[in-house]
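Here is a friendly briefing to read alongside the model. Take a look at the structure first, and then we can walk through some of its parts together.

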Amino acid sequence: MTEEIYNESVETTAFDAVVVSCEKSGREGLFTVELDRTAFFPEQGGQYADRGTLTGEDGRAAKVADVQIRDGIILHLTAKPFRTGEKVHGAVEWADRYDKMQQHTAEHIVSGIVCSALGCSNVGFALGPDHTHMDYDAPMTREQVREAERRANEAVWKNLPVQISWPDAEELSRLSYRSKKELEGAVRIVTIPGVDVCACCAPHVKRTGEIGLIRIVSAEKYKGGVRMVMLAGQRALAYDTGMLDALNETARSLSVKPEQVPGSVEKLRAEDAKLRYDLRGLRQKLLEIRIAETAGEENPVLFEPGLDRNQMQHAVDGMMQGRSGFCGIFSGSDEEGYLFVIGSVGHDCRPVAAALRRELGGKGGGRDSMIQGSVNVPESAIRTWFSKLAESDAEA
């Protein structure tokens with residue numbers, strides 16, 4: 001069993017140890033190093049491993065790529081091998097450790113409050129390098145989420161002690177605590193008075209005030225309950241700063257005060273919808289004019305930007321009246337490609353779709369009287385291809 005220094009002191013980040021064993025790992029270029037003692041917290045309990053370095057007697061340092069625990073033995077993965085019996089110096093990256101301590105303690109606060117208020121269980125937890133997510137087996141309203149966040153921050157401001165204990169079997173049997181699974185043997189209990197009592201193996205801050213701020217950034221339906229994404233401490237501050245900067249920049253661009261941004265955005269959305277409606281009407285009128293200009297053409301083809309498939313299909317239906325040749329409309333640009341609709345009352349269009357796929361790399365198909373799809377070639381290439389189609393119709 002590896003001596004777990006982080007259980008004795010979470011602030012201890014520098015330590016000396018002896019290499020018990022070193023073997024090639026299953027990961028290419030990495031070695032599995034077992035020490036007699038370590039301050040590195042391994043990946044467990046939903047939390048990723050500590051970062052840092054191991055330095056051997058030759059003075060060369062190796063980054064610790066990962067730390068795993070197997071049956072009480074903690075294994076360090078490094079790119080450098082170490083000799084069995086060699087003395088090494090370990091250094092845990094404190095900024096990363098402290099960040100995780102803030103996140104994990106904040107999770108205890110939020111989960112303690114949510115589970116107590118809703119009578120539910122925390123059935124999932126993952127602390128990653130970017131955010132923490134928690135899964136609960138009960139749904140929550142937006143108001144309940146914000147109330148949980150408010151109460152969680154109140155617990156932070158009270159600067160409550162975060163107590164670590166190892167109760168004996170008798171004490172444990174009388175204790176009501178949260179746990180995602182049945183536990184046997186010694187159980188480490190983390191208690192935040194009046195907020196949470198939970199079985200947990202991870203390092204935590206000593207007092208809740210060290211967290212500073214808790215921010216719940218989202219809460220979505222998940223497997224009949226809710227998945228909550230949370231940021232705490234430095235992560236929460238960075239998030240709020242980014243959101244505030246974005247809000248102020250948006251306010252400046254709209255020439256309004258920050259609190260007026262939602263109303264201004266809603267007004268712009270309404271104006272945009274009206275402009276889109278008006279533009280669609282104008283494009284429809286222009287399309288009708290362009291169709292009228294094709295009178296007398298047996299195989300007309302039009303290139304018009306901004307049309308949807310319904311408009312294109314309706315236009316081709318109109319163009320086909322009184323013509324036996326091929327009628328086509330393409331909408332798009334050389335940069336983004338073109339949508340197309342081609343129809344005919346005098347010919348089967350399905351071979352045309354096959355030819356378009358074969359000769360221009362187009363996609364699509366349809367029925368005998370009308371085909372549709374997309375093609376990503378320049379307008380000039382399409383016009384040349386359609387001219388050949390018209391010539392084949394004239395010859396027929």
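Contact here means heavy atoms within 4.5 Å. Helices (H or I, at least four residues) and strands (E, at least two) are DSSP runs, numbered from the N terminus. Please keep in mind that this is a predicted model, in which local features need pLDDT of at least 70 and side-chain atom pairs count only at pLDDT 80 or more, while totals for chains, interfaces and linings use all residues. Residues are numbered from 1 along each chain as its sequence is written, and side-chain values use heavy atoms, with hydrogens and water left out.

**Helices H6 and H7**

- Arg 280, Gln 284, Leu 287 and Ile 291 of H6 meet Gln 311, His 314, Ala 315 and Met 319 of H7.
- By class, this contact of H6 with H7 has four nonpolar, three polar and one charged residues (Ala, Val, Leu, Ile, Met, Phe, Trp, Tyr, Cys and Pro count as nonpolar, Asp, Glu, Lys and Arg as charged, and the others, Gly among them, as polar).
- Two packed helices are described by the angle between their axes and the distance between the axes.
- For H6 (residues 261-292) and H7, the axes come within 11 Å and cross at roughly 25 degrees; axes are lines fitted to C-alpha atoms, for helices over the stretch in contact, and angles run from 0 to 180 degrees between N-to-C directions.
- H6 and H7 are therefore roughly parallel to each other (angles under 35 degrees count as roughly parallel, over 145 as roughly antiparallel, 65 to 115 as roughly perpendicular and the rest as oblique).

- Pro 305 lies in the loop between strand E16 (301-303) and helix H7 (309-320).
- With a relative accessible area of 47%, Pro 305 is partly exposed (buried means under 20% relative accessible area, exposed over 50%, partly exposed in between, with a 1.4 Å probe and protein chains only).
- Leaving aside residues up to four places away in sequence, Pro 305 touches Arg 283, Ser 331 and Gly 332.
- Pro 305 and Ser 331 are 26 residues apart in sequence, yet 4.9 Å apart in space, C-alpha to C-alpha.

- Five of the five residues of strand E3 (residues 31-35) are buried, so E3 is largely enclosed by the rest of the structure.
- Phe 31, Val 33 and Leu 35 point one way from E3, while Thr 32 and Glu 34 point the other way.
- Strand E2 (residues 14-24) is joined to E3 by five bridges and runs antiparallel to E3; two strands pair if DSSP finds at least two bridges between them.
- Glu 23 has Thr 32 in E3 as its bridge partner.
- The hairpin of E2 and E3 has six residues between the strands, and Gly 29 there takes a positive phi near 80 degrees.
- E3 is also joined to strand E7 (residues 73-78) by four bridges, again antiparallel, with Phe 31 partnered by Thr 78 in E7.

**The sheet of E11, E12 and E13**

- Three strands form an open antiparallel sheet in the order E11-E12-E13.
- Strands E11 (163-165) and E13 (196-199) stand at the edges with a single partner strand each, so one side of each is left without a neighbour in the sheet.
- From one strand to the next, the twist averages 20 degrees.
- Four bridges join E12 (residues 189-192) to E13, and Val 190 stands opposite Cys 198 in E13.
- Helix H2 (residues 94-118) packs on the sheet, touching E12 and E13, and its direction makes about 70 degrees with that of E12.
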